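Subject: Model for your files

Hello,

Here is the structure I said I would send.

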Amino acid sequence: MYDTKVIDLFKEFDRGIAEGAKLIRAGDAVAFPTETVYGLGADALRSEAVSTIFAAKGRPGDNPLIVHVSQAETALKLAHVTRDAERLMEAFWPGPLTLVLKKRPCVPYEVTAGLPTVALRMPAHDGALALIEASGVPIAAPSANLSGKPSPTCAQHVIDDMDERIPLILDGGPCEVGLESTVLSLNGQPTILRPGVVTSEMIASVIGSVSIAESVLSPLRDGQSVLSPGMKYTHYAPLADVIVVDGEWDKLAKMAASIYDAEAARGNKCAILATEQTRVFYGDRSCVIMGDRENPVTICRALFALLREADEQGINTIIVEALPPTGLGLAFMNRALRAAGFRFIRA
Ligand code: TXA
Ligand code: MG
């Protein structure tokens, strides 16, 4: 058990980075902000250091981690960097794009869960980049939540999940993106394993074409092999039941309202995660506005925090409005459907 310390990077940037780097070098795990979600990092080149991450999160050992670098050149030491990878790094690094490449032998078994590939990303966040630089090693980091919970998008979420489990949390305020990075496999035909704000259209504009793994919007079928081990676990799940409702705005909202009424009649405490465009349909039902459909970035940023808030308020049933599964909508739907355990109703 640790006496977890929290350092505010806005007030004490240099001290926070120095203490974080010291712990990383000593083989400990440190939570730090990135532009996507908070990460729980350790020295990516040491097996024992990486093992502390799995222990703190309760993460299954066969789910590999993303290695974070502060310079594109470090990628060359960790993986076989293809021409497509180079072009994508040039276009999107630092930023929320993770590349899965053939690994080199220096990357330990624990990081890749025994896979022949390693996932690499350079975060677009001053605190994250400074921590990697000061540590002098690449940092392996999953999202800093307890395994199965929604990813943390502010330091309080990390405190809620990780207090006493890790020595240090660096507080960099709320995350700008709020959903995890796009994970793109370049081991064979380029394939999106996890959609994010770097969309398939943006990737295709750099390397020509890209496919999207079937598991992005559907549950794995029995016996189906997994491209990305992370896809087979329950994810982003609050304690409440989650239902996703899809369709045109007006129809969708009517359906969401009727599900709300039915659930409420059964004594369930409900909340609708709605949008600016649909709020008028809900009357005095309890609803929270995720953001604006015209500006889906706002909706993506809010999702995880609102799932956690619903739990705090003792909500039993969360009804989430779907977005069209294109562009950012694909990233949103990937998370919303997993949070719902794929419970989905079309209006
Ligand atoms: O935005 C992000 O990516 C955040 C921040 C902290 O950088 N990190 C993050 O890590 O979301 P995590 O561990 O929660 O998700 C990593 C995903 C998992 O679905 C994992 O299975 C997949 O990437 N992954 C990691 N290495 C892989 C590999 N070699 N092949 C296929 N998938 C891999
Ligand atoms: Mg995660």
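Predicted model: local features only at pLDDT ≥ 70, side-chain atom pairs only at ≥ 80, totals over all residues.

Residues are numbered from 1 along each chain as its sequence is written, and side-chain values use heavy atoms, with hydrogens and water left out.

The sheet is open and has 11 strands with mixed pairing, in the order β1-β8-β2-β3-β7-β4-β6-β5-β9-β10-β11. Strands are DSSP runs of E with at least two residues, helices are runs of H or I with at least four, and both are numbered from the N terminus. Two strands pair if DSSP finds at least two bridges between them. Strands β2 (residues 30-32) and β8 (residues 168-171) run parallel and are joined by 2 bridges; V30 has L168 in β8 as its bridge partner.

Helix α4 packs on this sheet, where it touches β5 (97-102) and β9 (182-185). Contact means heavy atoms within 4.5 Å.

Helix α4 (residues 83-92) also meets helix α8 (residues 200-207): their axes come within 9 Å and cross at roughly 120 degrees. Axes are lines fitted to C-alpha atoms, for helices over the stretch in contact, and angles run from 0 to 180 degrees between N-to-C directions. On the α4 side the contact is made by D84, R87, L88, A91 and F92, and on the α8 side by M202, I203, V206 and I207.

Regards

Notes: Chains lettered and ligands numbered in written order.
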